[in-house]
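The sequence and structure are shown first.

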Amino acid sequence: TAASRNRKTTQFSFNGPALISRRGCSRLPIPRHLKFIKTTCLIASKNNDRDDDDDDEKPFNPYADPNYPDLEFVNYDDPEYSVDQGDDYFDTPYDSTEEEIEAMREERRRRNDEFQFETYHAECLKSGEQFKGEWTVYRTSTFLGDAGDQEQDDAFPKLRKENNIRRVVSSGKKLFLDPPKEGFAFRVDGERLVHEERLAEKHDFEEDEEWEAISASRSIDVARAVDEIVGKRYTPEIMSAYDFRGPAGAMCVGNCYTVSHTVPLDGNEIEGNYDGPFSEMRSEIGIQYKRMRYRVKWDYRVKDHQKNESAPPLHLHSMIVCRETRERWPRYVGDLNVDDSFNERLFGPPGAAGGIFDPPPVGSDEQAKQYMMLDLEGGATVLFPHKIDQDPQAHEGNGWVQTLDWCPGRLRYQADKKLKGGKEVRGLRTLELTEIQAADVEKWRPKDGGQDMRQ
């Protein structure tokens, strides 16, 4: 259809395959043609008085077969009947069957882990190439010393944009582990990903005057910037293929991706355990278009006076908007002879035209009050919760969503990261990407009031 040619929707979800089970059969159906013959035979014998004496002498012939009763007759209605197919098939222990099925499922999960790991490294990290960008930081009034916001759990926070722009260099590379004697079951079992994000240095600029102009405007609190902004991890310290399963909150689909990192409330990090409650949770969504990348980072934390609760809510501490280009800076200071075409697409007028293209469902009216929407420079709009409940009973267990809608040019993209609720809040339900021609947005804009994609 015209719609399918202009709009493409991709979804990755973590709903597993339908449960495969096997049960013994105590009765097999009679073939259709035999049922027909049987019915016909009964009608014929009822209307033929000449055969009454013969019928009294001969046993009932259900198949009207001339060789009956020499023909073996199987009465499927006999409660003593059992299928004679050999003992090997039906005597297979139930537990071993379930183990085989689970092994097949795990094999498929491992293959998907490998695909996600390699795709993320090749397409999102560009096999280790550097991304240079400008980071804009927004802080919430909740954690800026405003006593009113600190004490009022449901207070709607105010976002304050910092004037100081950080220029950051980001990259990711592979590490290779020494194989054991028996080798690795999967090649990626011996590979890890390490992310690096650092403040720009002099050697990162092509011209000395560019560095001088940047360094002159840098704030003196470099140490705070490293510790509070660039130094905060949004991915595991060392990322494995296993981290691309739903519970870890990392996934890539199309030209977008998401990653997450958490700090347990009790401070004890256990490898492979992604359940909360958490004292900190950081989440990131990124969309790439040609040599550009637009990322949004959310940093959630528990308030100090709530850390002794069993499942305290997470409140937005800060949000960082990263506008980046690969192997160069998105814009330059001064009259330099460089391509400045990225400037408009990353730093142009704020907001996606008409707002978010396909607003996702955000739960009840009460839960919807915990969301914020913000227009960002470069034709982008974000939707996100400023407060995330970790109580499994809150909002009937409904999850959460973070959305980034960005139009960098001819195409427009919307990424929806849908999270679970309660202690599994780090885990992904789905990562959804919508791609549409920018010129056709109003023509195909959904009017369903916000719905999840069909599974």
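In this predicted model, the second largest cavity has a volume of about 40 Å³, and the structure holds two cavities of 30 Å³ or more. The lining of the second largest cavity is formed by V137, R139, E228, I229, Y234, D299, H317, S318 and I320. Two or more residues of that lining come from each of β2 (131–140), α8 (222–230) and β10 (314–326), and β10 gives the most, with three residues. By class, the lining has four nonpolar, two polar and three charged residues.

Turning to the cysteines, the structure holds zero disulfides. The sulfur of C124 has its closest cysteine sulfur in C252, at 4.9 Å, and the pair is therefore too far apart for a bond, given that a disulfide requires sulfur atoms within 2.5 Å. Both residues of the pair are listed below with their accessibility.

| Cysteine | Relative accessibility | Class |
|---|---|---|
| C124 | 2% | buried |
| C252 | 6% | buried |

As for confidence, the chain has a mean pLDDT of 82, with 73% of its residues reaching 70 or more. Over residues 1–5 the pLDDT is below 50, and this stretch has two contacts in the model beyond near neighbours in sequence. The pLDDT is also below 50 over residues 15–55, a stretch that has 28 contacts in the model beyond near neighbours in sequence.

Note on methods: Residues are numbered from 1 along each chain as its sequence is written. This is a predicted model: local features need pLDDT of at least 70, side-chain atom pairs count only at pLDDT 80 or more; totals for chains, interfaces and linings use all residues. Side-chain values use heavy atoms; hydrogens and water are left out. Buried means under 20% relative accessible area, exposed over 50%, partly exposed in between (1.4 Å probe, protein chains only). pLDDT is the predictor's confidence in each residue, from 0 to 100. Contact means heavy atoms within 4.5 Å. On a 1 Å grid over the protein atoms alone, a cavity is a set of points where a 1.4 Å probe fits but cannot get out, and a pocket is an open set with protein on both sides within 12 Å along at least five of seven lines; lining residues have an atom within 4 Å of a point. Grid points are joined across faces, edges and corners, and a volume is the space filled by probe spheres set on the points. Helices (H or I, at least four residues) and strands (E, at least two) are DSSP runs, numbered from the N terminus. Ala, Val, Leu, Ile, Met, Phe, Trp, Tyr, Cys and Pro count as nonpolar, Asp, Glu, Lys and Arg as charged, and the others, Gly among them, as polar.
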